[in-house]
Amino acid sequence: MKKFMMIFIGADYSELGLSPEDIQERMGKWFAWNQKMQEQGIVETGEALTPQVTRISGKDRTVTDNLALESKELVGGFYVFKAQDIEAAKKVAMDFPDFDLGGTVEVREVMVFDN
């Protein structure tokens, strides 16, 4: 089995104007998807991320805060999981709950370095 990361990209729920009930329903879909992966024994870790971003870049280490709030696309979270190959990993990603909100899943294989 190989290790993959799914990175979730989309708008912040509050920016979409979802009601508290809509958000609760949406979270239920996320919990069900997580449970499905847990039962399959493939998910290793995953977390949701806040929309606040601090970016430090360049040789001068320039600090920029709240970058995600200025962006239409937000990295909202990730999962690290196991799959046989990229085709199997893509099948797992097809259950992403936010496709109907215009969300995107980036699927990337985790590099393995020889020591």
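## Legends to close-up views of a predicted model

**View 1. The largest pocket and its lining.** Strand β5 contributes the most to the lining of the largest pocket, namely five residues, where helices (H or I, at least four residues) and strands (E, at least two) are DSSP runs numbered from the N terminus. This is a predicted model, in which local features need pLDDT of at least 70 and side-chain atom pairs count only at pLDDT 80 or more, while totals for chains, interfaces and linings use all residues. Residues are numbered from 1 along each chain as its sequence is written, and side-chain values use heavy atoms, with hydrogens and water left out. The lining comprises 26 residues, and Y13, W30, A48, G76 and D98 are those nearest the centre of the pocket. A pocket is here an open set of points on a 1 Å grid over the protein atoms alone, where a 1.4 Å probe fits, with protein on both sides within 12 Å along at least five of seven lines, and lining residues have an atom within 4 Å of a point. At least two lining residues come from each of β1 (2-10), α1 (13-16), α2 (20-40), β2 (43-48) and β5 (74-83). The space in this pocket amounts to about 510 Å³, a volume being the space filled by probe spheres set on the points, which are joined across faces, edges and corners.

**View 2. The four-stranded sheet.** An open sheet is formed by four strands in the order β2-β5-β1-β6, with antiparallel pairing, two strands being paired if DSSP finds at least two bridges between them. Because β2 and β6 (104-109) stand at the edges with a single partner strand each, one side of each is left without a neighbour in the sheet. Within the sheet, β1 and β5 pair in the antiparallel sense over nine bridges, and I9 has V75 in β5 as its bridge partner.

**View 3. The hairpin of β3 and β4.** Strand β3 (residues 54-57) pairs with strand β4 (residues 62-65) in the antiparallel sense over four bridges, and T54 stands opposite D65 in β4. Four residues lie between the strands of this hairpin, in which G58 takes a positive phi near 75°.

**View 4. The protein as a setting for the close-ups.** Three helices and six strands make up the helices and strands of the protein, and along the sequence they follow the pattern β-α-α-β-β-β-β-α-β. Of the 115 residues, 25% count as buried, which here means under 20% relative accessible area with a 1.4 Å probe and protein chains only.

Note on methods
Buried < 20%, exposed > 50% of the residue type's maximum accessible area, 1.4 Å probe, protein only.
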